[in-house]
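Biologist: I have a model open on my screen and would like to take a close look at one part of it with you. Could you walk me through it slowly?

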Amino acid sequence: MESQTVNEHSSNFESGNKGGGKKSIFKYLGPALITSALVLGPGSLTLSSTIGTVFGNQLVWIFVVTIIFMMIYTEMSTRIGIASDVSFIQVIKQKWGTWGAVLIGIGAFLVTASFQAGNSIGIGVAASAIVGGTPAFWVIAFTIAGALLLFSKDFYSVLEKVMLGLVALMLVSFLITVFLAKPSIGSIAGGLVPSIPAGSLGLIIGYTATCFSIVGASYQSYLVQEKGWNKAYAKEGMKESYLGIFLLGFISFLVMIAAAAVLKPAGIEINSVADMGLALEPLFGTWATTIFMLGLFGAAFSSLMGNATIGGAMLSDGVGFGSKLKNKKVKLAIIAVMLFGSIIAIIFGGAPVNLIIFAQAITIVAVPFIAIALLVVANDKKIMGDLKNTLLKNIIAIAGLIVLILLAFNNVKNIFL
């Protein structure tokens with residue numbers, strides 16, 4: 001069955017390319033779009049809006065640098081998924097033993113589960129602002145909806161279509177917000193020059209840690225295999241990785257420049273991305289707030305689904321239960337992540353401090369380890385063949401790894417010192 005699926009996909013690939021032209025990349029937009037959507041949650045949008053509100057356009061450069069690192073690791077993961085006959089965690093198990101596989105699987109599960117409460121709260125707040133009702137009701141409703149989607153006939157195809165729709169929703173919503181805000185092009189260009197304004201380091205660290213998601217990048221290899229891509233897809237797959245992750249950075253960037261244009265001049269302080277949506281109402285009317293909240297809903301629901309899929313699938317793979325989305329054990333693990341986030345959100349109204357500290361502690365070990373594992377596999381000639389890392393990709397990836405290690409040291413300092 002697997003070879004038949006791959007052959008069908010290969011034939012579609014060849015026929016799709018007969019038309020040629022640059023437009024063909026959009027025909028294959030899928031895995032990286034899912035990765036982009038799951039990373040782009042309420043947390044990353046809150047940080048983007050806070051950066052714009054406090055520092056205007058001075059930190060545009062950090063969006064560029066972070067997305068370059070995310071692009072490289074996602075594209076690297078794409079090539080691993082295409083080159084290998086087994087999943088990324090199973091490759092690690094073959095190379096380093098069961099302990100490596102278990103560490104990655106449990107690490108991915110704990111990291112995603114820890115941040116799931118924020119996604120649930122984002123859905124509740126956005127849906128409540130758009131149509132009314134209590135946030136808790138919408139948290140329960142959309143958690144059930146997400147769980148039901150798991151049992152569709154072809155969950156990967158459904159996931160891809162849902163994510164495409166949600167990314168389009170975010171893009172349109174935040175583009176309209178920027179159009180209303182009328183940002184300064186000159187100020188945006190000036191922000192491309194790296195600088196670290198006083199008091200900005202914490203936000204820089206937070207945004208980098210949120211949007212440079214190694215757990216999300218590593219799951220790209222699974223999505224590629226779910227889609228059935230083989231080496232015939234290598235060129236288009238790499239392009240798709242760059243385009244999908246570019247959208248992640250671009251949408252965050254839109255939120256930041258809108259906040260810089262609207263909230264900073266007004267001196268409005270925000271505690272969440274929902275505050276930014278509400279701040280638009282006095283300036284542009286309730287319809288502007290509704291449009292922004294639609295974008296927030298798209299970010300929250302895409303992250304709720306995507307985060308849970310990553311955590312559940314990688315945990316299942318790490319402990320030897322398999323990783324395919326058709327697998328019942330994988331589906332149960334995904335539902336476990338969803339339920340965990342929803343219960344925490346309803347009881348505490350958000351992720352409690354102890355849970356955030358726990359997630360940071362897990363990140364200290366798991367994230368650099370996963371990055372090293374991706375880098376090692378991507379340079380293994382036996383596995384990768386012609387898809388092995390180039391010198392330039394290694395240089396950028398090592399720079400990204402250094403950033404992740406520095407972030408881990410920062411977490412050690414915050415938690416233990």
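Which residues in H11 meet which residues in H20?

Modeller: Happy to, and please keep in mind that this is a predicted model. On the H11 side, the residues in contact are Ile205, Thr208 and Ala209, and they meet Val403, Leu407 and Asn410 in H20. Sorted by class, this contact has four nonpolar residues, two polar ones and no charged ones.

Now for the geometry. Two packed helices are described by the angle between their axes and the distance between those axes. Helix H11 covers residues 201–211, and its axis comes within 11 Å of that of H20, with a crossing at roughly 120 degrees. Because of that angle, H11 counts as oblique to H20. The crossing of the two is left-handed.

H20 also takes part in a charged pairing, so to speak, at another of its residues. Side chains of opposite charge can pair when their charged atoms come close. Lysine 393 forms a salt bridge with glutamate 75, and their closest N and O atoms are 2.9 Å apart. Lysine 393 belongs to helix H20 (residues 391–416) and glutamate 75 to helix H5 (residues 60–83), so the pair links distant parts of the chain, 318 residues apart. Both lysine 393 and glutamate 75 are buried. The pair is also part of a network of salt bridges that links Glu75, Arg79 and Lys393.

Aspartate 380 forms one with lysine 95, the closest N and O atoms being 2.7 Å apart. Here too, distant parts of the chain are linked: aspartate 380 sits in the loop between helix H18 (353–378) and helix H19 (381–384), while lysine 95 is in helix H6 (residues 88–96), 285 residues apart. Aspartate 380 counts as buried because its relative accessibility is 16%, whereas lysine 95, at 34%, counts as partly exposed.

The other one brings together the side chains of glutamate 160 and lysine 227, at 3.1 Å from N to O. Glutamate 160 lies in helix H9 (residues 155–181) and lysine 227 in helix H12 (residues 214–227); the pair links distant parts of the chain, 67 residues apart. Both glutamate 160 and lysine 227 are buried.

The axes of H9 and helix H13 (residues 234–266) come within 9 Å and cross at roughly 25 degrees. With that angle, H9 and H13 are therefore roughly parallel to each other, and their crossing is left-handed. Residues of H9 in the contact include Val167, Met170, Leu171 and Phe174, and among those they meet in H13 are Leu247, Phe250, Ile251 and Leu254. By class, the contact of H9 with H13 has 16 nonpolar residues, one polar residue and no charged ones.

One last stop is lysine 182, which is found in the loop between H9 and helix H10 (185–190). Lysine 182 has a positive phi of about 50 degrees, although it is not a glycine. Its relative accessibility is 63%, so lysine 182 counts as exposed.

Note on methods: Residues numbered from 1 in each chain as written. Predicted model: local features only at pLDDT ≥ 70, side-chain atom pairs only at ≥ 80, totals over all residues. Heavy atoms only, no water. Salt bridge = Lys/Arg side-chain N within 4 Å of Asp/Glu carboxyl O. Helix = DSSP H or I, 4+ residues; strand = E, 2+ residues; numbered from the N terminus. Buried < 20%, exposed > 50% of the residue type's maximum accessible area, 1.4 Å probe, protein only. Axes fitted to C-alpha atoms, helices over the stretch in contact; angles between N-to-C directions. Parallel < 35°, antiparallel > 145°, perpendicular 65-115°, else oblique. Left-handed = near helix turned anticlockwise from the far one by under 90°. Contact = heavy atoms within 4.5 Å. Nonpolar A, V, L, I, M, F, W, Y, C, P; charged D, E, K, R; others polar.
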